[in-house]
Amino acid sequence: MTAALVGLATVVGLAIGSFLNVVVWRVPRGESVVHPPSACPRCGHAIRGRDNVPVVSWLVLRGRCRDCGEPIAKRYPLVELGTGVLFGLTAWWAGESWLLPALLYLAAIAVALTLIDLDTRRLPNAIVLPSYPVVLALLVLASWNPTGDADWSALLRAAIGGAAMYAVYFATVLVYPAGMGFGDVKLAGLLGLYLGWFGWGALVLGWFAAFLFGGVYAVGLLVARRAGRKSGVPFGPWMLLGAAFGIVLGEQLWSWYLGSL
């Protein structure tokens with residue numbers, strides 16, 4: 001069943017990746033993600049259904065619009081493929097679990113927010129704020145676990161983790177506003193819900209890992225002379241990567257650390 005689940009998640013991820021391409025382009029511009037239908041920016045022809053199959057259509061069309069020959073950026077199939085792989089890996093790691101919907105949702109918004117932050121240095125409220133009720137509902141489902149034993153303590157940890165990360169990031173912005181923006185603060189609360197749900201070790205290490213990864217990246221840019229001391233670095237992608245690290249490895253590393261004391 002795991003292989004079938006991974007395959008299904010991968011196919012769903014490919015389709016979600018196609019939608020995320022629309023989200024990444026339109027949300028920062030304040031445009032609707034459902035209307036009008038996708039069209040070629042050069043000739044204005046709407047994208048046909050057969051030309052909208054993730055990855056495959058780009059390959060068949062050889063990366064060009066069917067009507068005018070305008071090149072289609074390689075980023076589109078890469079986002080579709082990357083999202084499909086990410087969904088498949090998430091399903092493989094989580095298995096048949098009521099937690100899986102929450103993790104797949106995190107994977108989807110992680111792709112969108114990472115690309116938008118890299119493009120615009122913004123983490124749009126249109127994605128982050130509606131994610132709070134969605135994530136809470138999905139974590140309630142995971143804690144309830146209809147086919148197994150409920151774990152309401154995990155939900156309490158999630159609430160504490162979300163509040164703690166939001167509060168610390170908020171204080172950081174007040175003390176040093178040049179370091180990060182309020183978009184990071186709102187995302188911190190959301191990621192704190194996930195990390196807290198998994199455990200205190202996941203929360204601590206996922207929190208720390210974001211600054212570690214972001215710091216290493218910033219130092220690398222300085223060494224390569226691609227940025228200066230006052231250059232801004234998008235922090236959202238590193239927060240998301242740190243959260244993934246905390247979710248996957250946080251509890252194991254935390255237990256190992258405590259056991260070694």
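User: Is glutamate 70 buried, partly exposed or exposed, and how should I read such a word?

Analyst: A residue is called buried under 20% relative accessible area, exposed over 50% and partly exposed in between, with a 1.4 Å probe and protein chains only. Glutamate 70 has 26% relative accessibility, so the residue counts as partly exposed. Before going on, note that this is a predicted model, in which local features need pLDDT of at least 70, side-chain atom pairs count only at pLDDT 80 or more, and totals for chains, interfaces and linings use all residues. Residues are numbered from 1 along each chain as its sequence is written, and side-chain values use heavy atoms, with hydrogens and water left out.

User: What does glutamate 70 form a salt bridge with?

Analyst: Side chains of opposite charge can pair when their charged atoms come close. The rule used here asks for a side-chain nitrogen of Lys or Arg within 4 Å of a carboxyl oxygen of Asp or Glu. Glutamate 70 forms such a bridge with arginine 42, and the closest N and O atoms are 3.4 Å apart. Arginine 42 lies in the loop between helix 1 and helix 2, while glutamate 70 lies in the loop between helix 2 and helix 3, so the pair ties together parts that are 28 residues apart in sequence. Helices here are DSSP runs of H or I with at least four residues, numbered from the N terminus. Arginine 42 has a relative accessible area of 57%, so this residue is exposed.

User: How many salt bridges does the structure hold, and which residue does aspartate 51 pair with?

Analyst: The structure holds 4 salt bridges. In one of them, aspartate 51 pairs with arginine 66, with 2.7 Å between the closest N and O atoms. This pair links distant parts of the chain, since aspartate 51 is in the loop between helix 1 and helix 2 and arginine 66 is in the loop between helix 2 and helix 3, 15 residues apart. Aspartate 51 is buried, at a relative accessible area of 12%, whereas arginine 66 is partly exposed at 39%. Another bridge joins arginine 75 to aspartate 119, again with the closest N and O atoms 2.7 Å apart. That pair also links distant parts of the chain, with arginine 75 in helix 3 and aspartate 119 in helix 4 (residues 100-120), 44 residues apart.

User: Where is arginine 26 placed, and what is the nearest side chain of opposite charge?

Analyst: For charge, Lys and Arg count as positive and Asp and Glu as negative, while His and the chain ends are not counted. Arginine 26 is in helix 1 (residues 2-26). Arginine 26 is buried yet has no salt bridge, and the nearest side chain of opposite charge, that of glutamate 31, is 4.5 Å away. The side chain of arginine 26 does reach the backbone oxygen of proline 36, at 2.7 Å.

User: Which residues does a cis peptide bond join, and which residues have a positive phi although they are not glycine?

Analyst: Most residues other than glycine have a negative phi, and most peptide bonds are trans. Histidine 35 and proline 36 are joined by a cis peptide bond, with omega at about -5°. Proline 36 is placed in the loop between helix 1 and helix 2 (56-60). Valine 55 has a positive phi of about 65°, and this residue lies in that loop between helix 1 and helix 2 as well. Arginine 62, in the loop between helix 2 and helix 3 (75-94), has a positive phi near 55°. Arginine 62 counts as exposed, at 74% relative accessibility.

User: How many aromatic pairs are there?

Analyst: Rings of Phe, Tyr and Trp (its six-membered ring) pair if their centres lie within 6.5 Å; planes under 30 degrees apart count as stacked, over 60 as edge-to-face and the rest as tilted. The count comes to 9 aromatic pairs. One of them is the stacked pair of tyrosine 166 and phenylalanine 170, at 6.2 Å centre to centre with 10° between the planes. Both residues lie in helix 6 (residues 152-175), 4 residues apart, about one turn of the helix. By contrast, tyrosine 217 and tryptophan 238 have ring centres 4.9 Å apart and planes at 40°, so that pair is tilted. Tyrosine 217 in helix 8 (residues 200-223) and tryptophan 238 in helix 9 (residues 236-260) are 21 residues apart, and their pair links distant parts of the chain.

How values were computed. Helices (H or I, at least four residues) and strands (E, at least two) are DSSP runs, numbered from the N terminus. A polar contact is a pair of N or O atoms within 3.5 Å; within protein, one must be able to donate a hydrogen and the other to accept it, and residues adjacent in sequence count only if both atoms are side-chain atoms.
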